[in-house]
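Please look over the structure below with the following notes beside it.

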Amino acid sequence: MVKVRCKLVSWDEVVEWCRQLSLKIKESGWSPDTIVAIARGGYVPARLLCDFLDIHELLSVQVLHWGKAAEITAKAHVKYPLKVNLSGKKVLLVDDIADTGDSIIVAKEHLESECKPSEIKVATMQWISPVCKIKPDYYVDEVKEWIWYQYPWTRLEDTTQFITKMLDEEGKKKKEWTLEEIVEKFKEWYGIDVGKSYYELALEILVGEGKLKKRTRDREVVYEL
Ligand code: ADP
């Protein structure tokens with residue numbers, strides 16, 4: 001049974017969603033002067049929107065969240081202040097997905113107070129409507145049931161974290177794993193297949209960090225917890 005609901009997103013889907021997003025923006029009659037990408041998730045969609053909307057000004061603001069372990073004190077904050085004057089400009093603030101909405105709210109408030117644009121509108125590809133504190137001005141998909149979008153730009157990062165989480169749990173019963181066993185269990189847990197090269201790269205990282213040991217057993221490579 002799947003433990004974390006995931007959707008494996010292809011590059012083609014991202015391009016198509018951004019094309020659709022750009023059409024919605026054009027059809028609304030509003031036209032931004034500048035795009036601000038929320039780093040890091042908003043980078044690729046923001047760049048594609050620049051292309052589809054013929055916008056040449058692209059800036060970025062990075063918002064960080066505390067990690068999972070520090071969830072109790074979780075608070076989104078701007079990493080490096082964006083000290084630019086955007087007075088008189090219409091700004092499109094772009095992120096990949098609006099989930100809790102915290103990063104978008106923090107980025108928007110920061111732009112309003114630091115950069116003073118005439119207007120800010122928000123665009124994301126996905127909007128998780130039941131949990132999100134805001135509704136983006138433009139979005140492509142309204143997601144009614146929470147799911148993890150496995151975007152292509154976080155594939156290795158996600159795979160590494162997903163394997164860690166899975167082996168933390170499954171490792172209580174089983175200490176040695178072949179690559180094939182890890183792949184099978186990954187598909188069972190997450191319901192997606194990221195492809196052999198990503199499993200191998202993720203395992204290399206975990207071996208490098210000392211979280212797994214790689215050794216040979218009966219001429220077969222195994223990963224030991
Ligand atoms: P926001 O909802 O304002 O984007 P979050 O703090 O909830 O802020 O999310 C921060 C970032 O984490 C998102 O911009 C996205 O890159 C990533 N993220 C959050 N939720 C998901 C999800 N369900 N699927 C994929 N990526 C996500």
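1. Lys211 is partly exposed, because its relative accessible area is 49%, where buried means under 20% relative accessible area, exposed over 50%, and partly exposed in between (1.4 Å probe, protein chains only). Its side chain meets that of Glu209 in a salt bridge, at 3.0 Å from N to O, and Glu209 is likewise partly exposed, with a value of 48%. A salt bridge here is a side-chain nitrogen of Lys or Arg within 4 Å of a carboxyl oxygen of Asp or Glu.

2. Before going further, please note that this is a predicted model, in which local features need pLDDT of at least 70 and side-chain atom pairs count only at pLDDT 80 or more, while totals for chains, interfaces and linings use all residues. Residues are numbered from 1 along each chain as its sequence is written, and side-chain values use heavy atoms, with hydrogens and water left out.

3. How many salt bridges does the count come to? The count comes to 19, and one of them joins Arg5 and Glu145 at 3.8 Å, N to O. This pair links distant parts of the chain, 140 residues apart, with Arg5 in the segment before strand 1 and Glu145 in the loop between strand 7 and strand 8; helices (H or I, at least four residues) and strands (E, at least two) are DSSP runs, numbered from the N terminus. Arg5 is partly exposed at 39%, whereas Glu145 is exposed at 55%.

4. Lys185 and Glu170 also form a salt bridge, their closest N and O atoms being 3.9 Å apart. Since Lys185 lies in helix 5 and Glu170 in helix 4, the pair ties together parts that are 15 residues apart in sequence. Lys185 is buried at 18%, and Glu170 is buried at 8%.

5. Helix 4 has 16 residues (155–170), which should span 22 Å at 1.5 Å a residue, and its end C-alpha atoms are 22 Å apart, in agreement; the expected span is 1.5 Å times one less than the number of residues. Among its buried residues are Phe162, Ile163 and Leu167.

6. Why does the structure hold zero disulfides? A disulfide is a pair of cysteine sulfur atoms within 2.5 Å, and the sulfur of Cys18 is 10 Å from the closest cysteine sulfur, in Cys50, which is too far for a bond. Cys18 is buried at 0%, and Cys50 is buried at 5%.
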